[in-house]
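Student: I am new to this structure and would like a close look at a single part of it. Could you take me through that part slowly, and then show me how other places in the chain compare with it in setting and surroundings?

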Amino acid sequence: MQSRNEFPIDPPIVELPIETHDRGFYDGFSRAVTIPGKVIVSLLIMWAIFFPVRASETLQAANSSIISSFSGWYVYLVAFLMLAVLLLALLPQSGSLRIGAPGEKPEFSRFSWFAMLFGAGIGIGMLTYSTGEPLAHFSNNPDIIRGAIEPRTIEAVRPAYIYTFLHWGFAAWATYALVGLAIGYVAYRRNLPLTIRSALVPLFGHRMSGNAGHLVDIVAVVATILGVAVTMGLGVEQFVAGLYRVGMGEWLINADGSSSVTAIVAALLVLVGASTISALSGVGRGIKWLSNLNMGLSFFLLALFAIVGSGLFGLRLLGNGIYDYLRTLPANALSLFPADGTAVSEALIQWQLDWSVFYWAWWIAFAPFVGMFIARVSRGRTVREYVLGVVFVPSLMCFIWMTIVGGTAIDLELSGAAQGSIVNTGISDQLYATLAVLLTPRMALAVSIIVVVLLMTYLVTSADSAILIVNTINGAGDDEGQRRYHILFWGAALAFMVGSMLVLGGIDAIRITMIIGALPFSLVLALMACAIIKAIIFDLIRQKHGVPTTAEACQDWEGGK
């Protein structure tokens, strides 16, 4: 038998001790992560509440300087993540590796798995942007800015979907998939804690047990709260718009069409209260049940638009859109509009900041939450099945949703039936406006109620998932134990973050805060991509030389030595 020194590579690290408190309020938690995370989020909330003018001025200054300075970093990072995930899935050796022990079976059925991926990942955004984004690019996109086509014409439809698919396709889901794979691979193969820092162990080893690891988890907690705050902010605005559409009262809407402060507070009390209760029940009950309900209602709404709306027009858009998207993806994923001082150049740069850079930052800020959640429900799947399931299937569902629902809205505008009533209303109200044109008043009311219910369940699913994930990070990867008061804290913090920012400056205030807050985690994300590539390459080398690659095999190997 060979001695250990004769092997060209060592087994992987299969232990990562993280100090947690063993009594009192923080029993089972890493105080070095939990307390700083709570302090940072609390300071952001108090800043927005007690110094609204200064906060607003600071955010506007940041919007015009910091964000534009880092736009290239966001663009190239997301392009790198897409390439990395695709290669790991397509290469035969890496694609066959399992996220877990060899032969381990997945915990959830494929339907429940897809439902949880879709509901926690993009569900809320799909309801807001299914009509909003195609209509926005139908009115203004880079081709229109350059003067190549006229806005709101049939010629503007295909370019509109190129950019819609660019934002809601592989970029979003590859970002989530990378985080989930980097965490799940080391957690379920090597028994490392299910937390963000574990993903960097292949690069930094046991140093992730100390202050460097604490910093990584703190950054992830703050990014998660900010990323979920954007999603919740969009959802709350559309939720209030829906309540107004179904006749819940004039008090919900201000004179300019925005949500009233009272409506925002009432909506957050209901939604975050329900999500906190769901979080207390855990992923096995609350989130799984809500995710299945979300999927069922979503398919009902999609079927309604396909049958009653412009289904054939949407299917043509889907085919053309996928072809155009794949054809233009390499160029668009790497494009940065140059500044040459002209009005057209300035308009192109601003369009990219408002859309692409915003989305890349949103997906990055959302990635700790969604990636951790995906890792938690994906144990037992191969890398190839995981990537196909997490990247390609939800992307296709987004494309179908955008073309059937958004295509119906565009068709109603092109035919003159809508007479501008859809495209000229606010983004939070466009789905309801489409229903109002498409259906009879009574039917539109009934379906709008279904949309409100669906939106509510998506909001609750996203919020309770985020609360559980934050507690898991704070608990050094442990999702059990007495966490009731901490769940209540993060539920309240999320409500105050969304409410204070919406009152401060609407969804734009949350958007700017999130883009800035995503910067630190974007560096962590780049390191995670390098770490999972290294982990898989080194495991393939270990397999070649008979060195164990899983925690169980390492124990047997050590015993045999």
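Tutor: Ser522 has its place in helix 20, and in this predicted model Ser522 counts as buried, because its relative accessibility is 1%, which is under the 20% that marks a buried residue. The side chain of Ser522 is joined to the side chain of Trp73 by a polar contact of 2.7 Å. Trp73 is also one of the residues that Ser522 touches once residues up to four places away in sequence are set aside, and the others in that list are Tyr74, Leu77 and Ile364.

Ile364 leads on to Phe521, for Phe521 touches Ile364 as well, together with Ile196, Val219, Ala220, Ala223, Ala367, Pro368 and Met528, again without counting residues up to four places away in sequence. Phe521 belongs to the largest nonpolar core, which has 192 residues, and Phe521 is listed with Ile196, Trp362 and Met528 as having the most contacts inside that core. Helix 20, which runs over residues 484-545, gives the most to this core, with 27 residues. As general background, nonpolar side chains tend to be buried together in soluble globular proteins.

From there we can turn to a pair of packed helices, helix 1 (residues 31-50) and helix 12 (residues 211-245), whose axes come within 9 Å and cross at roughly 35°. The crossing of helix 1 and helix 12 is right-handed. On the side of helix 1 the contact is made by Ala32, Val33, Pro36, Gly37, Ile40, Val41 and Leu44, while helix 12 brings His214, Asp217, Ile218, Val222, Ile225 and Leu226. Sorted by class, this contact of helix 1 with helix 12 has 10 nonpolar residues, two polar ones and one charged one.

Another buried place is Phe165, which is found in helix 9 and counts as buried because its relative accessible area is 0%. Leaving out residues up to four places away in sequence, Phe165 touches Leu318, Gly321, Ile322, Tyr325, Phe399, Met402 and Thr403. Phe165 and Glu133 are 32 residues apart in sequence, and from C-alpha to C-alpha they are 9.8 Å apart in space.

Arg146 counts as partly exposed because its relative accessibility is 45%, a value between the 20% and 50% limits. A polar contact of 3.4 Å joins the side chain of Arg146 to that of Asp143, and, with neighbours within four places in sequence left aside, Arg146 is in contact with Phe337, Val344 and Leu348. Between the C-alpha atoms of Arg146 and Leu304 there is a separation of 37 Å, and these two residues are 158 residues apart along the chain.

Glu104 is found in the loop between helix 5 (92-95) and helix 6 (110-121). Leaving aside neighbours within four places in sequence, Glu104 is in contact with Arg98, Arg379 and Gly380. The C-alpha atoms of Glu104 and Val460 are separated by 31 Å, with the two residues 356 residues apart along the chain.

The loop between helix 17 and helix 18 holds Ala417, which is partly exposed because its relative accessible area is 48%. With neighbours within four places in sequence set aside, Ala417 is in contact with Leu412 and Val437, whereas the C-alpha atoms of Ala417 and Arg197, 220 residues apart along the chain, are separated by 54 Å. Gln419 is found in the loop between helix 17 (383-415) and helix 18 (430-438) too, but Gln419 is exposed, because its relative accessible area is 72%. Although Gln419 is not a glycine, its phi is positive, at about 55°.

Asn191 has its place in the loop between helix 10 (170-190) and helix 11 (201-204), and Asn191 counts as partly exposed because its relative accessibility is 40%.

Terms used. Residues are numbered from 1 along each chain as its sequence is written. This is a predicted model: local features need pLDDT of at least 70, side-chain atom pairs count only at pLDDT 80 or more; totals for chains, interfaces and linings use all residues. Side-chain values use heavy atoms; hydrogens and water are left out. Axes are lines fitted to C-alpha atoms, for helices over the stretch in contact, and angles run from 0 to 180 degrees between N-to-C directions. Helices (H or I, at least four residues) and strands (E, at least two) are DSSP runs, numbered from the N terminus. A crossing is left-handed if the near helix is turned anticlockwise from the far one by less than a right angle, and right-handed if clockwise. Contact means heavy atoms within 4.5 Å. Ala, Val, Leu, Ile, Met, Phe, Trp, Tyr, Cys and Pro count as nonpolar, Asp, Glu, Lys and Arg as charged, and the others, Gly among them, as polar. A nonpolar core is a set of buried Ala, Val, Leu, Ile, Met, Phe, Trp, Tyr and Cys residues joined through side-chain atoms within 4.5 Å. Buried means under 20% relative accessible area, exposed over 50%, partly exposed in between (1.4 Å probe, protein chains only). A polar contact is a pair of N or O atoms within 3.5 Å; within protein, one must be able to donate a hydrogen and the other to accept it, and residues adjacent in sequence count only if both atoms are side-chain atoms.
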